[in-house]
Amino acid sequence: MKNQIIIALGREHGSGGHYIADMIAKEFGIKLYDKDSIEAEIVSDGYSEELIRKMDEKPVNFFASRRVGKYSNSLEVNVAEKTFAMLRSKAASGESFLIIGRCGEQVLKDNPNLISIFICGNQQFKLMRVMDKLGVDAEKAIEEIKAVDRSRKNYHNYYCETKWGDARGYDMTIKSDVLGCEETAKMLIAYIRSFMEQE
Amino acid sequence: MFAQIVAICIFLAMFMLIILDKFERHYVTLGSGALVLVLVFGICMRSMSAIWETLNFGAFFESSFWYGASEESTAGINWSTVVFIAGMMIMVEGLGKAGFFRWLCLTLAKLVRYRTVPLLICFMALSAFLAMFIDSITVVLFLATVTLELAQTMKFDPVPMILSEIFCANLGGAATMCGDPPNIIIGTSLGYTFFDFIENTGVVVAVCFVLILIYFTFCFRKELKRAEQANGGPVTCPEPSTAIKNKAAFLSSAVVFLIAVALLITHAQTELTVAFIGVIVAALTLVVLGLTSGKKSVIEIMRGVDYQTLLFFIGLFVSVAGLEKTGVLNVIANFIMSVSQGNIAVIVIIILWVSAITSAFVDNIPFAATMIPVIRAIAAAEGMDIGVLAWALSLGTDLGGNATPIGASANVVGTSASAKGGYPIGWGRYCKYCVPATIIVMAASTVYLFLRYL
């Protein structure tokens, strides 16, 4: 039985990834790290809430940034590195948690207690959810889904060896529209529980 | 014509890939260099001699490569630059490991009794001075690290100091032949000495340094004084001696540094080339550190050398040779001459300001390497002294890079070190202080070039 569980959950926009993550975290009584909680963790004198909110999980602007060896002037990169350092530190301390996005599956790939999941969904399912959540028409919802997914993909692929959403980079990829969000969450909880029971 | 188009396409693709930062930049230039050798020289021009001239291996077997006043071949890999930079990298790695830079910074901080405004002035001066002899990346990295450490203890915002250090490192690098990579390339390509740079760019850099010292002190003094007053009582900062782990290694590394400075200053008299000086300082560093710290430290130093940058230079020189040998750079030279209608003052202004504006946004090393054959062609066609164009190119590329966080490698390293230390510096804050400062030094350089050479 594992004493620690770290769940890295990637998601397509509108797939219900955050909702499912919330259910899983509650079920296991572990902390969920998303935009708000990450902001609270890494905010400091130099890194204001506003800056983190603006740069968190955002792809690098290639025309405004440059890299020299391991150094980069990009604020997006620096906020990402701070987030990754925070995740590594939490994992090393023995804390169990669920991280949404932020390359969690790559950053913590050497941790034996890590399980990585990617949630996707068919276009119609995602569209309905985004229209409902944002109160926008289909055209705007499609644009929103495309923009957010492009941003997440560029962010992920800049830091990771594996491609965003590629099944080979995760322990499990699942379409949430097949069972619906609740049933998908239940299935994943069972999957994670089996993983935790392993030595 | 077809060879020209292929060479331009390869070069533009290389530049775009460097900007897009998708791949390590040495892979980009090496790949681009390989394409130039195969496609441009091999297939389009069917010229084996162009390939051999570009690879320029014969340079190592010429006595002038090591000794005597020399001028590099007009196209191809500038091995003098590569060997010199490699040698200096080894020396700097040795100095860093021995704690030399940290000791120097902490000693100065102690000398000014950890008072913020004098510290700002001291670190600006130290940054400019060190950057005259060693690469500005190392200078900024060590200064920024100590500044962040002192800022934590003395409770001041380190960003103003780091911005000033970055600016002064680029400024100091412009003063000498070995300070900034563009100057090394200009110096070795056109056969200038250390003193040629001191007498030409060094003079205006000294004036600019005074202006910048006043400017940054004026910008930041209130903020720094306020922090000092708020902090109140005495501060406990790390003692300079804590930087030294091995006294023998420290002293011997410092002596090697002084020897390097002496060799560079006197190389016009001794007739030792910068390539030879690079080999001497590298060998001395490895020998003294081997004797004082053991074989392990020698291996560590060799591992610490930035081979990627050396490979970047090699690929870059080949790519530029593609443009030069196909005559593309002559076209650019002719274009500049037609725009200026042969007016030397206009040519100098174009070289200076185009170099500065370009260097503010793209890597100044490829730009300088590309522009050398251009200014050579202009000087030959106009029958003018190439010196003024060389100094305009040097000042433009070195000083223009100060304007933005991506303009020079030192800017990237300094802002990144600051961000890692908890103080991110965005474009807004960087440009707010450094754009006016860049305009000041560029205006001073323009006036200087006009008064002295035109």
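Visitor: Where is A:E57 found in chain A?

Guide: Welcome! This is a predicted model, in which local features need pLDDT of at least 70, side-chain atom pairs count only at pLDDT 80 or more, and totals for chains, interfaces and linings use all residues. Residues are numbered from 1 along each chain as its sequence is written, while chains are lettered from A and ligands numbered from 1 in the order in which they are written. Helices (H or I, at least four residues) and strands (E, at least two) are DSSP runs, numbered from the N terminus. In those terms, A:E57 is found in the loop between α3 (49–55) and β3 (67–68).

Visitor: Is A:E57 buried or exposed?

Guide: A residue is buried if 20 or more other C-beta atoms, placed from the backbone, lie within 10 Å of its own, exposed if 12 or fewer, and partly exposed in between. A:E57 has 20 C-beta neighbours inside 10 Å, so A:E57 counts as buried.

Visitor: What is the phi of A:E57?

Guide: Most residues other than glycine have a negative phi. A:E57 is not a glycine, yet its phi is positive, near 55°.

Visitor: And is B:Q341 buried or exposed?

Guide: B:Q341 sits in the loop between α17 (328–340) and α18 (344–361) of chain B. Its C-beta neighbours inside 10 Å number 8, so B:Q341 counts as exposed.

Visitor: Which residues does B:I19 touch, not counting those up to four places away in sequence?

Guide: B:I19 lies in helix α1 (residues 2–20) of chain B. Contact means that two C-beta atoms, placed from the backbone, lie within 7 Å. By that rule, B:I19 touches A:F62, A:F63 and B:V362.
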